[in-house]
Amino acid sequence: MEMAGTELRLGLPGTEPSSSTSTSKISNKRPSSHMNNNDEPPPKSQVVGWPPVRSYRKNILEASYVKVSMDGAAYLRKINLNIYKSYPQLLEALENMFKCSIGVHSETEGYNGCNYVPTYEDKDGDWMLAGDVPWDMFINSCKRLRIMKGSEAKGLASL
């Protein structure tokens with residue numbers, strides 16, 4: 001009676017027993033060729049949009065944060081310019097943040113007579129008065145804000 005179906009043997013399922021495995025010394029280690037071929041998963045193509053980005057991370061990426069400093073203040077703040085829709089909203093927020101009075105920008109006189117003047121550094125590294133360019137241009141070019149003393153901002157505009 002042949003017991004080939006119930007016979008115990010070493011080897012991978014579906015392989016035929018060879019005479020060399022029965023006569024050679026049996027090792028508990030797999031040959032390296034089997035490890036490389038069988039253990040590594042097949043390469044997957046990268047899924048578009050992977051890894052997933054949570055919605056709050058997407059909002060941060062759409063934000064336009066800039067540092068704000070004020071002459072005489074020992075600390076910096078960071079604000080998101082995209083939450084403001086105009087210069088008056090931004091200036092009101094800066095006044096509340098730093099507890100100062102900035103005043104109103106005039107196209108002909110700038111911030112003439114104000115104790116503090118909001119200035120910004122654009123992408124070219126030039127310092128300009130906030131309010132001298134249209135709001136959308138300001139949002140796209142502002143790298144950082146500085147609230148200067150009015151007496152120091154004389155060179156930036158016709159104050």
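The model is predicted, so local features need pLDDT of at least 70 and side-chain atom pairs count only at pLDDT 80 or more, while totals for chains, interfaces and linings use all residues. Numbering starts from 1 along each chain as its sequence is written, and side-chain values use heavy atoms, with hydrogens and water left out.

**Overall make-up**

- The protein chain has 5 helices and 5 strands; these are DSSP runs numbered from the N terminus, with helices being H or I of at least four residues and strands E of at least two.
- Going from the N terminus, the order is α-α-α-β-β-α-β-β-α-β.
- Of the 159 residues, 26% are buried (under 20% relative accessible area, 1.4 Å probe, protein chains only).
- Take the contacts (heavy atoms within 4.5 Å) between residues at least 6 apart in sequence: 46% of them join residues at least 24 apart.

**The sheet**

- The 5 strands make an open sheet, ordered β2-β1-β5-β3-β4, with mixed pairing; two strands pair if DSSP finds at least two bridges between them.
- At the edges sit β2 and β4 (127-129), each pairing on one side only.
- On average, neighbouring strands are turned by 35 degrees against each other, direction ignored; axes here are lines fitted to C-alpha atoms, for helices over the stretch in contact, and angles run from 0 to 180 degrees between N-to-C directions.
- β1 and β2 run antiparallel and are joined by 4 bridges, and K67 has K78 in β2 as its bridge partner.
- Helix α4 packs on the sheet and touches β1, β2, β3 and β5, its direction making about 155 degrees with that of β2.

**The core**

- The largest nonpolar core holds 30 residues, and I79, L81, L90, L94, F138 and L145 have the most contacts inside it; such a core is a set of buried Ala, Val, Leu, Ile, Met, Phe, Trp, Tyr and Cys residues joined through side-chain atoms within 4.5 Å.
- Two or more residues each come from β1, α4 (87-98), β3 (116-121), α5 (135-141) and β5 (144-149).
- α4 gives the largest share, 7 residues.
- Leaving out residues up to four places away in sequence, L94 touches V68, I79, K99, I102 and I147.

**D71**

- D71 is in the loop between β1 (65-70) and β2 (77-80), and it counts as buried because its relative accessibility is 14%.
- A polar atom of the D71 side chain lies 3.2 Å from the backbone nitrogen of K149.
- Beyond its neighbours within four places in sequence, D71 is in contact with Y116, R146, I147, M148, K149 and E152.

How values were computed. Buried means under 20% relative accessible area, exposed over 50%, partly exposed in between (1.4 Å probe, protein chains only). A polar contact is a pair of N or O atoms within 3.5 Å; within protein, one must be able to donate a hydrogen and the other to accept it, and residues adjacent in sequence count only if both atoms are side-chain atoms.
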